[in-house]
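Visitor: I'd like to go through the charged pairs with you. Could you show me the model?

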Amino acid sequence: MILIELFTDYVVHRKSLKEYVEVRKTINERGEFNDAKLIQAQEHLDKLKVETPQIYEKMYDVLNEIIKRDAGHKVEYPLDFVRAILHMYKNHKTPESIYEEYKSILEHEFQTLN
């Protein structure tokens, strides 16, 4: 399994990104995010799940819808999801505002964030 497939599996199936950090150390490929960013993303997900469970579920609903529509950019789907999660709790952004931004991907023709 190549690294992006493993990453996708961890993100889509809500597995711990902290565990992913350890597993990917056994693979000789470079990932998009460093260990600290992945751990931070998992901490944001954990916080979101406890403090705003409805937004947590909605974020995954959008991810699942993006995957279902599959506009041909499969590599970007989990990356965009983690990028959105990393923006939560920063610069006074609320989980709701990040969700609204992330959800807007569904309205774009190519469904990817830059």
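Visitor: Where do Asp 80 and Arg 83 lie?

Guide: Both lie in helix H5 (residues 76–87), three residues apart, about one turn of the helix. Helices here are DSSP runs of H or I with at least four residues, numbered from the N terminus. This is a predicted model, where local features need pLDDT of at least 70, side-chain atom pairs count only at pLDDT 80 or more, and totals for chains, interfaces and linings use all residues. Residues are numbered from 1 along each chain as its sequence is written, and side-chain values use heavy atoms, with hydrogens and water left out.

Visitor: What makes Asp 80 and Arg 83 a salt bridge?

Guide: The term asks for a side-chain nitrogen of Lys or Arg within 4 Å of a carboxyl oxygen of Asp or Glu. Asp 80 and Arg 83 are 2.8 Å apart, N to O, so the pair counts as a salt bridge.

Visitor: Why is Asp 80 called buried?

Guide: Buried means under 20% relative accessible area, exposed over 50%, and partly exposed in between (1.4 Å probe, protein chains only). Asp 80 has 2%, so it counts as buried.

Visitor: Why is Glu 43 called partly exposed?

Guide: Its relative accessibility is 43%, so Glu 43 falls in that middle class. Lys 18, at 36%, is partly exposed too. The side chains of Glu 43 and Lys 18 meet in a salt bridge at 4.0 Å, N to O. That pair links distant parts of the chain, with Glu 43 in helix H3 (residues 35–51) and Lys 18 in helix H2 (residues 17–24), 25 residues apart.

Visitor: How many salt bridges does the whole structure hold?

Guide: A search finds twelve.

Notes. Helices (H or I, at least four residues) and strands (E, at least two) are DSSP runs, numbered from the N terminus.
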